[in-house]
Amino acid sequence: MPNLFARTLIVMPAFNEEAVVGDVVREVYATLPGVHCLVVSDGSVDHTVARARAAGATVADLPFNLGVGGAMRAGFKYARENGFDNVVQIDADGQHDPAGVPDLLALLGEADVVIGARFAGVGSYTVRGPRKWAMKFLSAVLSKTAHTQLTDTTSGLKANGPRAVALFADNYPAEYLGDTIEALVIAGRSGLVIRQVPAAMRPRAGGTPSHAPIKAAVYLGRAMMALAIAYLRPLPKAGALE
Amino acid sequence: MTVTSYIFGIFTAVITLGVVIEMLRRNRLRERHAVWWLFGGALGLVIGIFPGSLEWAASVIGIEVPTNLVFFVSIALLVLVCIQHSSELTRLEDKTRILAEESALLAVRVRELETATGTGPGRLGPHLDGQDTTE
């Protein structure tokens, strides 16, 4: 697999993650020898850039916060400019185990986008209440578009093959929830093959997923809206995949 | 309608048109943004000079109180301008985002070049001693 690693770019969107980003980068290099690691500091105002750089990552420092979508688009552009075939998105907060990445990469032969799913049997990540309903509903709708059973559509652990990198370098949605919901809609409607594999999640080093009812309800509303708009949008130009 | 209110109506419309045209002239307003204000100002001027035209238009559409037509057209115009502004804002945000991404990626390339050639901001200044300037 070393050959595969050399053609793979790990992209880590990071917003004020100075406490953990260095360790996550070092763990990625230790677990996946040969990969290139790009940390996209999304307008961080702490020492994220220096810590990531000290750990040996290439760091793109966005001048202000663009959200995960904007950070990922920068990552896809970097991959395209530097000739990387695959892009793997990993959260900088350490909740994803890099040891799961080879499983994702192994599936890239037959799929263009591989999602590391949190609820597919491995690990102990749970949510409840409106947030759970939102995720259930999203999974049902997006599974149809993706022509495959997806159980975790909002996972931040994803591997993208060459066709996905070509599509996303120009068309990765930068809006709120665009990196999860709309990106899958674009991929599915553009004919990319989407798969998911189970992935273990670790408890986040900082912060917990929000379960406050009002926040969850707002999340549900915005997710519905993002989903509706994603389906209403015209498809990216057909030439994007040639 | 008194002579005062007649003159006041025309005066307001002329001032509006004058401000818009002056801003256009000084490049403070782009033509595609000015067109709505020119349209509104011209309409106001026509109604100011010929108040009968308003009553005629209202009766044609079937509005009993002519001033309601004025309110309707004014609000419609403002709503359209607001939508146009939202759309412009979205486009500007998109462009800013792309610039931010490109600038961050260029900074990466510059840094790599500087590392490869042994130059860089830290080498020229006497006080930095090649330290990481981002910290």
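This is a predicted model: local features need pLDDT of at least 70, side-chain atom pairs count only at pLDDT 80 or more; totals for chains, interfaces and linings use all residues.
The scores for the model are ipTM 0.82 and pTM 0.82. For chain B, the mean pLDDT is 88, with 89% of its residues at 70 or more. There is a stretch to treat with care, though: over residues 127-135 of chain B the pLDDT falls below 50, and beyond near neighbours in sequence that stretch has 14 contacts in the model.

Now, why did I pick residues 6-24? The UniProt record, an unreviewed entry, places the feature "transmembrane region" at residues 6-24, 36-54 and 60-83 of chain B. Over residues 60-83 of chain B, the chain is 83% helix and 0% strand, and here the end C-alpha atoms are 28 Å apart.

Staying with chain B, let's see how two of its helices meet. Helix α3 of chain B covers residues 51-61, and helix α4 of chain B covers residues 66-117; their axes come within 8 Å and cross at roughly 85 degrees. An angle from 65 to 115 degrees counts as roughly perpendicular, so α3(B) and α4(B) are roughly perpendicular to each other. Who does the touching? From α3(B) we have Leu54(B), Glu55(B), Ala57(B), Ala58(B) and Ile61(B), and they meet Pro66(B), Leu69(B) and Val70(B) in α4(B). By class, that contact has seven nonpolar residues, one charged residue and no polar ones.

Over to chain A, where we find an open sheet. Its seven strands run in the order β3-β2-β1-β4-β6-β5-β7 of chain A, and the pairing is mixed. At the edges sit β3 and β7 (194-198) of chain A, each pairing on one side only. Ignoring direction, neighbouring strands of this sheet are turned by 20 degrees against each other on average. If you zoom in, strand β4 (residues 86-89) and strand β6 (residues 158-160) of chain A pair in the antiparallel sense over three bridges. For Gln89(A), the bridge partner in β6(A) is Lys158(A).

Finally, let's bring the chains together. How many residues does each chain give to the contact? Chain A gives 16 residues and chain B gives eleven. On the side of chain A that touches chain B, the elements giving two or more residues are α3 (48-54), β3 (58-62) and α4 (67-82) of chain A. The largest share, five residues, comes from α4(A). By class, this side of chain A has ten nonpolar, three polar and three charged residues.

Conventions:
Residues are numbered from 1 along each chain as its sequence is written. Chains are lettered from A and ligands numbered from 1 in the order in which they are written. UniProt positions are given in the numbering used here, feature names are shortened, and annotations may be inferred rather than shown by experiment. Helices (H or I, at least four residues) and strands (E, at least two) are DSSP runs, numbered from the N terminus. Two residues are in contact if their C-beta atoms, placed from the backbone, lie within 7 Å. Ala, Val, Leu, Ile, Met, Phe, Trp, Tyr, Cys and Pro count as nonpolar, Asp, Glu, Lys and Arg as charged, and the others, Gly among them, as polar. Axes are lines fitted to C-alpha atoms, for helices over the stretch in contact, and angles run from 0 to 180 degrees between N-to-C directions. Angles under 35 degrees count as roughly parallel, over 145 as roughly antiparallel, 65 to 115 as roughly perpendicular and the rest as oblique. pLDDT is the predictor's confidence in each residue, from 0 to 100. Two strands pair if DSSP finds at least two bridges between them.
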